[in-house]
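Keep the viewer open as you read.

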Amino acid sequence: MKGPPTALLGMSHDIAMLEERARRCRVEIVRMVHRAQAGHPGGSLSEIDLLVGLYGTVLNVRPDEPSWPGRDRFVLSKGHASPGMYALLADLGFITHEDLTTYRVKGGVCQGHVDMKWCPGVDFSAGSLGMGLSFGLGCALAARLDGSQRKAWVMMGDGEVQEGSVWEAAMAAHHHSVGNLKAIVDVNGIQNDDFCEVQMQLNDLAATWASFGWSVTTVDGHNMADIVEALAKVDAVDDRPAVLLASTVKGKGVSYMENNPAFHGAAPNNEQFETAMVELGEVAA
Amino acid sequence: MSGMAATRDGYGKALLELADDSRVVVLEADLGKSTKSQVFRKAHPERTISCGIGEQNMLLTAAGLASSGYVPFASTFAIFTERAFEQMRNGVARPGLRVHLCGSHGGTHTGTDGSSAQSIEDLAIYRTLPGVTVMHPADEVSTRLLTKQLVDHPSPSYTRTARNKTPLLYEGREEEVIIGKGIVHSEGADVGIVACGVMVSKALEAAEALASEGIQAMVVDMHTIKPLDGALIDAIVERCGCLVTAEDHSVIGGLGGAVAEHLAANKPAPLERVGVPDRFGESAEAEEMLEIMGLTVHDVANAAKRAMARR
């Protein structure tokens, strides 16, 4: 059986702890992208509260033993939003803060997109959208074959679900009643070129996932108390796959990046970097 | 040659023989009846995963299983594996996950379904993926043996099988069938004929025809296209000084391409490539397709003479 959650759910001081961890991660996200002068800050900042909530509560992993066979699997299918993942892995001790300086740098563990062959704590080499849910399905089916309680969590972007292969996986997961497969969709409304509604309308995501037989939960993806509660609800579903649709703001926490398509994949200049550090509470105004 | 059988039947038999290994799981995309994975499904439904008509999901579900310690065998038609090429590239080969993909009904020999079903580029595209083993066995026995060897193979793989029956070549020669090792059929010294799949038996017939004209050919079954048995190619060059490749696949990038690359990088020698010219197929019976594409015994023998003339 799975051990107790790594944080005590619902207690106010734990929520504050998670919020502070998310703040630290935001700082590191901006630092990484600024240092590399490349990368994807917008989707990293929109996903980070969800990642912190997940790793801080329901996900059963061991930072000191990243390849522990009994771990829950986590797949960052939106693999370009790697700064968020790396910042959290460093905060939790899977990798070092020194490792964060290798983001997009020759020989570094922090490859441009998350890569299982390079970075401890990364379960799938992502970077091509629409692949993670199928991989997570395979991990979940393996757990079932093993008679294990392991679960597989997959984080996708909202633009990502435009990939048809996502729906192959969604259909298969329901067909096989894979109750240990969990998806999170970071619904920030922006994709590479523009807003999703301009590029390709997503319609009613909740109705679509429900029509594929999934349990659907929605949450404000920046309210940590709500995130923790919603994750617990999604985690408890065991008769069918479950998805958490999280409403988020792309670039959350840095004013000029918020809801701005230009910062899907662009780095701040020096002046913008200083502004971000102030806004994120890292340096005094 | 004693009897005929389809290589895809060898695949199904191998899966069944591997079933005692609890790591083995089988994935299907609604073509298990055709690829013969249904042989495994009937005996072990609990370890068979239907992916519906969804090849992209199948490849990555297999990757997830492989990352968790299982040895997945996934199959569909060769042509439909190509729809999931990027999944094979990014989700299987790049992380080096030991997924074994089988594409049945490969080549124009597939016949009357026509060009949409005749994969003529599968060997070429999978050969470009780092660390992926690529095979195209000639008969049912070697397909069974090579597939069984994959269970402990250290890398992902792609194996092409065929729809229609081909002559049995390896009954009683089972120990010669090893991944990565070409199989020598005759020791002639005038010309080397390196073939795979259905063209191995055609090459053997061509060697007989050439012998009646006093030409002694060295025939090799190069069932493993990657990694190529370069030492054997070097030995053929040393012995014969010229080569022919024969495959039911585009002349671009498959066995002929692999041998040409090896020759160019090592010891150059005249090479004639018998294969599907740069065109798509059409509907016709299997043997008719080989005639249309210039893949007959006669074509192989003529190519051998051309190669010798260039020596």
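Two strands pair if DSSP finds at least two bridges between them. Helices (H or I, at least four residues) and strands (E, at least two) are DSSP runs, numbered from the N terminus. This is a predicted model, in which local features need pLDDT of at least 70 and side-chain atom pairs count only at pLDDT 80 or more, while totals for chains, interfaces and linings use all residues. Residues are numbered from 1 along each chain as its sequence is written, and chains are lettered from A and ligands numbered from 1 in the order in which they are written.

**The sheet of chain B**

Let us begin with the sheet. In chain B, seven strands form an open sheet with mixed pairing, in the order β3-β2-β4-β5-β7-β6-β12. Its edge strands, β3 (48-50) and β12 (224-226) of chain B, each pair on one side only. From one strand to the next, the twist averages 20°; the axes behind such angles are lines fitted to C-alpha atoms, for helices over the stretch in contact, and angles run from 0 to 180 degrees between N-to-C directions.

| Strands of chain B | Direction | Bridges | A bridge pair |
|---|---|---|---|
| β4 (71-77) and β5 | parallel | five | B:Phe73 and B:His100 |
| β6 (133-135) and β7 | parallel | three | B:Met135 and B:Thr159 |

Between β6(B) and β7(B) the chain passes through helix α8 (residues 140-149) of chain B, in a right-handed β-α-β crossover. Right-handed here means that, with the strands pointing away from the viewer, the path from the first strand over the helix to the second runs clockwise.

A residue is buried if 20 or more other C-beta atoms lie within 10 Å of its own, exposed if 12 or fewer, and partly exposed in between, with C-beta atoms placed from the backbone.

**Where the chains meet**

The contact between the chains takes 19 residues from chain A and 22 residues from chain B. Two residues are in contact if their C-beta atoms, placed from the backbone, lie within 7 Å. On the side of chain A, α5 (132-146) and α6 (164-175) each supply at least two residues, and α5(A) gives the largest share, eight residues.

Helix α6(A) has several buried residues, including A:Val166, A:Glu168 and A:Ala172. What covers the buried residues of this helix includes α5, β2 (152-157) and β3 (181-187) of chain A, together with α4 (55-67) of chain B. Its length also checks out: at 1.5 Å a residue, the twelve residues of α6(A) should span 16 Å, and the end C-alpha atoms are 17 Å apart, which agrees. The expected span is 1.5 Å times one less than the number of residues.

**Backbone spots to look at**

α6(A) is followed by A:Ser177, which lies in the loop between α6 and β3 of chain A. The phi of A:Ser177 is near 50°, a positive value in a residue other than glycine. A:Ser177 counts as partly exposed because it has 13 C-beta neighbours inside 10 Å.

In chain B, B:Asp30 also has a positive phi, near 65°, and sits in the loop between β2 (24-28) and α2 (32-35). With 15 C-beta neighbours inside 10 Å, B:Asp30 counts as partly exposed.

Finally, a cis peptide bond, with omega about -5°, joins B:Lys226 and B:Pro227. B:Pro227 is found in the loop between β12 and α10 (230-240) of chain B.
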